[in-house]
Amino acid sequence: MSSSPCPGEAPAGGRYGEGLFEPERPGEAERIDAAALVYDPVTTARLRALGAGPGMRCLEVGAGTGTVARWLVEEAGVEEVVALDRDTGALAGLAGPRLRVMAADLTDEELRPGSFDLIHARFVLMHLPERRRIVSRLAGWLSPGGRLVLADAVELPDVLDTSSAYRRTMNAMWQALWATIGTDISGVPGYPHVLREEGLRDVGAEVYCPPLAAGGPLARFWSETWSRMRPELVATGRVDDEVVDEALAYLDSPLLAELGPGMAVAWGRRPLG
Ligand SMILES: C[S@@+](CC[C@H](N)C(=O)[O-])C[C@H]1O[C@@H](n2cnc3c(N)ncnc32)[C@H](O)[C@@H]1O
């Protein structure tokens, strides 16, 4: 069974942060941070390799709790970062002379945040059904020579496993995310092509699947995610409460042995001329 939702199945029209992953719900910032902790070293190494450094104006899209925006200012020493998110509750304390917090909705066609030498969006576009149109707008906000860096989830599922509680729950999660808020990771491996379609050059891409260890931050992230989504998981008809309980116990067990979902990063540069 594919980890992607069935093509043609229409999402319910819900939005990230409404009904699912509400920012005001206790523990939501900690859930996001658990993933950030794992992926930040990979993200920051890639941004560094792409030249993040002094003199740059950067846009951190869907900045979440601001770990990457803060790194850009404090470690990479960029000139300015605009940390944009629909919900800026977790970013408020980070604002400073070189870190501007912008409350804005990426789907707002009127949005014009300026032009940037580096634009980075991690685990955001996958949740937005308008993702293709948004990539065009992000590319349009690049200064000549500027880099667009897109990072979203990918999965390399064990297709021979069709029955374990882990696999059934993971598949139910992707389906439920699609059905409730339109999340879709099926297009993520195609991001390099999308960047090329936008006229960007020096396109590159990589994938990182971090180890999934019981008690580790990623196991905590999936455990929190599945616990929050339990009603939606059961509503798919693919799992019941017993299967979800088994999957949750497995995430916390020394028997855990899975290649977990990972992150694909794709980047490209706007030509100078
Ligand atoms: C899964 S979190 C990722 C946070 C951060 N990029 C990271 O990797 O740690 C998704 C973020 O995108 C934001 N977001 C979702 N929809 C958005 C929209 N339409 N406009 C702006 N931000 C949005 C959410 O508020 C949330 O902070």
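Analyst: We can start with the ligand and then turn to one arginine. Keep in mind that this is a predicted model.

User: Where does the ligand sit?

Analyst: The ligand is in the largest pocket.

User: Which residues come nearest to the ligand?

Analyst: There are 14 residues around the ligand, and those that come nearest are Gly62, Asp85, Asp105, Leu106 and Arg122.

User: And by class, what is in that shell?

Analyst: Eight residues of the shell are nonpolar, two are polar and four are charged.

User: What does arginine 122 do with the ligand, in terms of polar atoms?

Analyst: A polar side-chain atom of arginine 122 is 2.7 Å from an oxygen atom of the ligand.

User: What about the backbone of leucine 106?

Analyst: A polar backbone atom of leucine 106 lies 2.9 Å from a nitrogen atom of the ligand. Arginine 86 also has a backbone N or O atom 3.2 Å from a ligand nitrogen.

User: How much of the ligand does the protein bury?

Analyst: The protein buries 93% of the 600 Å² that the ligand exposes when taken alone.

User: Changing topic. Where is arginine 228?

Analyst: Arginine 228 is in helix 6, which covers residues 217-228.

User: Is arginine 228 buried or exposed, and why?

Analyst: Arginine 228 counts as buried because its relative accessibility is 9%, and the cut-off for buried is under 20%.

User: Which side chain does arginine 228 contact?

Analyst: Its side chain makes a polar contact with the side chain of glutamate 28, at 3.0 Å.

Conventions: Residues numbered from 1 in each chain as written. Predicted model: local features only at pLDDT ≥ 70, side-chain atom pairs only at ≥ 80, totals over all residues. Heavy atoms only, no water. Near = heavy atom within 4 Å. Polar contact = N/O pair within 3.5 Å; in protein donor to acceptor, adjacent residues only side chain to side chain. Areas by Shrake-Rupley, 256 points an atom, 1.4 Å probe, with all protein chains shown as cover. 1 Å grid on protein atoms, 1.4 Å probe; cavity = no way out; pocket = protein on both sides within 12 Å on 5 of 7 lines; lining within 4 Å. Sits in = over half its atoms within 2 Å of the grid points. Nonpolar A, V, L, I, M, F, W, Y, C, P; charged D, E, K, R; others polar. Helix = DSSP H or I, 4+ residues; strand = E, 2+ residues; numbered from the N terminus. Buried < 20%, exposed > 50% of the residue type's maximum accessible area, 1.4 Å probe, protein only.
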